[in-house]
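Please keep the sequence and the 3D view open as you read.

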Amino acid sequence: MAKKKTNKKKQNNQKNNSRRNNSRNNKKRNNTREAKRREPKEKILTYKPGMTVRDAAEQMNKPVSEIIKKLMFMKIMASQTQVIDRDTAELLAMEYGYEIKDKEMKDVTRFEEMKIEDSPEDLVARPPVVTVMGHVDHGKTTLLDNIRKTRVVQSEAGGITQHIGAYQVMRNDKAITFIDTPGHAAFTEMRARGAKITDIIILVVAADDGVMPQTKEAIDHAKASECSIIVAVNKIDLPGADPERVKKELADLNVMPDDWGGEIPFVNMSALTGEGVDELLETIQLVADMLELKANPDRKAVGTVIEAKLDKGRGPVATILVNNGTMQVGDVFVVGSTYGKVRAMTNDIGKEIASAKPGMAVEIIGLDDVPNAGDPFRVFEDEKATREIASKRADREFDKEHNARQALSLKEFFEKADGNMKELRLIIKADTQGSIEAFKGSINKIEIEGTSIDIVRTGVGPISDTDLTLAEASDAIIIGFDVGAATGVRDNAKSKGVEIRDYRVIYEALDDIEKAMKGLLDPVYERKVIGEATVRNTFSISKVGTVAGCMVTSGVVRRDALAKLIRNGKVVHEGKLSSLKRFKDDVKEVKQGYECGLMFENYNDIKVDDQVEVAIMEEVEPDV
């Protein structure tokens, strides 16, 4: 009876095990079917900037934990919210047999997609926009100064122009708009931006100096912008002036003078005396007539920001060039990632005006924030739509900046963790946005191995307590370019140990930054031989060691120096001296021509005629 019960129990257990196994198998089959059902027909991973690990997992229908493990095998440590770059996404796609494609990002806020075609009958002649370019100190601002009959040059820090300025002059009842771009190498980006918004480029070359580095850069910008070029050979009144040499040098750069069979007009002039200036203006108007420049003044304005700054009393202020249409007080507009409503408008001589027609450069107030120099602007009818477009642009700019910063941190993380990379952190405050751009562009060109620059924040306007707090938290240096500091900030900076450095000329700031970066490097030492001695005799002293009786043959033997023992031209030992004596007295050093007794630390194999070479480690300037 007991045996029957045992068999029955065994059969029941077997049935239960069979049911459990069947259940597990069914569950596995169902999971497999579910996975196949969820597997997309087209195995395509669509990449877009800002894609996170979670985004990739969702697209491929994989658990986030699985994707993180895959990345770990690739030696990439990332969380589910970590942004991944395209290369990483492509590696993931290959792991799962996916094809990667880039998502076409249509930007509904692009002005190009909202372009309005003007009817030919609505177009009227507009003033030419002329950009003045050339090497530093070749007389660009002096030329504009002569034309405008003002003394701009005297007010410029360091004798160079540091911001883009726009001025309009009248000749024979026709207007010409001039843009003066800085000539120093640090402002290459600003010159490039000037070339994009201009019709005619005046290339100023000093007759006594000839073609210089910035002259060549200006030519490159002019050719890239496909603008008409007029060469102004300046300073012909100075001794050593040779306009023909300038023509030859420019012809070698494919800037062919019209009187040599080329198409580019050359005008000999002196900006200081005024000689040739009228001829230059006449040439500008002739070229403008040939270009047939036209615009429609009866439409909403579009144009470009030439310069922008934060004014203490008026808030964000921008100098804009109206390319087309008419801008009026009260207009709402989008510029870059900000927006505004024109509260007031002044022309280049500071006079308030109600409207600005095509080709005019004006200063406006009423912006929500300081835009970037070079940003396009456009006037809209609907203020709500204006705010929405600006908001979307601002969000996009934030994402772009965040992703770029994150990618940089990941790339350099291991180098910094190993101690191979040292970082100089900067907070940059300047009087205008254009200065910040030029500053950043020049800083990024400074390359010193083993160091990097992290620009923590940039901003227009005076140095504030907020900047000070951030500098303290991030161990950053504050660079102020032609700006002051709010009341009490400098005192707070001293108490908190935050360094504030002020500059008016950009290349002085760049020199100091380069020196600071070199200061971040570990000291570099070089072995410098200071003396030599010859072993004349040796003495073995019990419980002390071998003492070498030497004659100092050159320089000086010092007790605290490093010493090499050389035998038959080969170094047999290198180490420190444990003792240095003159007769029975311990001494710090023994000079050439004197005898001494010396001992090496933990080394006794010293023989007669061995040479002792003594050296110190001297700090030298890093080779960068």
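Asn254 is found in the loop between helix H8 (243–251) and strand E9, where helices (H or I, at least four residues) and strands (E, at least two) are DSSP runs numbered from the N terminus. Although Asn254 is not a glycine, its phi is positive, at about 65 degrees. With a relative accessible area of 62%, Asn254 is exposed; here buried means under 20% relative accessible area, exposed over 50%, and partly exposed in between (1.4 Å probe, protein chains only). Asn61 also has a positive phi, near 55 degrees. Asn61 lies in the loop between helix H2 (53–59) and helix H3 (64–73), and a relative accessible area of 32% makes Asn61 partly exposed.

A word on how to read all this. The model is predicted, so local features need a pLDDT of at least 70 and side-chain atom pairs count only at pLDDT 80 or more, while totals for chains, interfaces and linings use all residues. Residues are numbered from 1 along each chain as its sequence is written, and side-chain values use heavy atoms, with hydrogens and water left out.

**Confidence**

The pLDDT is the predictor's confidence in each residue, from 0 to 100. The protein chain averages 78, and 77% of the residues score at least 70. Two stretches call for care:

| Stretch | pLDDT | Contacts beyond near neighbours in sequence |
|---|---|---|
| Residues 105–109 | below 50 | twelve contacts |
| Residues 402–418 | below 50 | 16 contacts |

Contact means heavy atoms within 4.5 Å. Where pLDDT is low, the predicted coordinates should not be read in detail.

**The chain as a whole**

The protein chain has 14 helices and 30 strands. Of its 624 residues, 45% are buried. Among contacts with a separation of 6 or more, 70% join residues 24 or more positions apart. The accessible surface is about 34,600 Å², and 48% of that belongs to carbon and sulfur atoms; these areas come from the Shrake-Rupley method with a 1.4 Å probe, and for residues only the protein chains shown count as cover.

**The nonpolar cores**

Which residues have the most contacts inside the largest nonpolar core? They are Met327, Ile364 and Phe439, in a core of 41 residues. A nonpolar core is a set of buried Ala, Val, Leu, Ile, Met, Phe, Trp, Tyr and Cys residues joined through side-chain atoms within 4.5 Å. Helix H14 (residues 506–520) gives the most to the largest core, with five residues. Leaving aside residues up to four places away in sequence, Met327 touches a list of partners including Ile364, Phe333, Phe377 and Val379. A second, separate core has 24 residues, among them Val130, Leu143, Ala288 and Leu293.

**Aromatic pairs**

The structure holds two aromatic pairs. Rings of Phe, Tyr and Trp (its six-membered ring) pair if their centres lie within 6.5 Å; planes under 30 degrees apart count as stacked, over 60 as edge-to-face and the rest as tilted. Phe333 and Phe377 are edge-to-face, 6.5 Å centre to centre with 75 degrees between the planes. This pair links distant parts of the chain, with Phe333 in strand E14 (residues 332–335) and Phe377 in strand E18 (residues 376–380), 44 residues apart. Phe333 counts as buried because its relative accessibility is 2%, and Phe377 because its value is 1%.

The other pair, Phe439 and Phe481, is stacked at 5.7 Å centre to centre, with 25 degrees between the planes. Phe439 sits in helix H11 (residues 433–443) and Phe481 in strand E21 (residues 477–481), 42 residues apart. Both Phe439 and Phe481 are buried. Helix H11 itself is mostly covered, with nine of its eleven residues buried; Ile436, Ala438, Phe439 and Ile443 are among them.

**Two charged residues**

The charged end of Lys70 sits over the ring of Tyr96, 5.5 Å from its centre. This description applies if NZ of Lys or CZ of Arg is within 6 Å of the ring centre and within 35 degrees of the ring normal.

Arg86 is found in helix H4 (residues 86–95) and, at 28% relative accessibility, counts as partly exposed. Beyond residues up to four places away in sequence, Arg86 touches Tyr47, Ile100 and Asp102. The C-alpha atoms of Arg86 and Asp102 are separated by 8.8 Å, with the two residues 16 apart along the chain.
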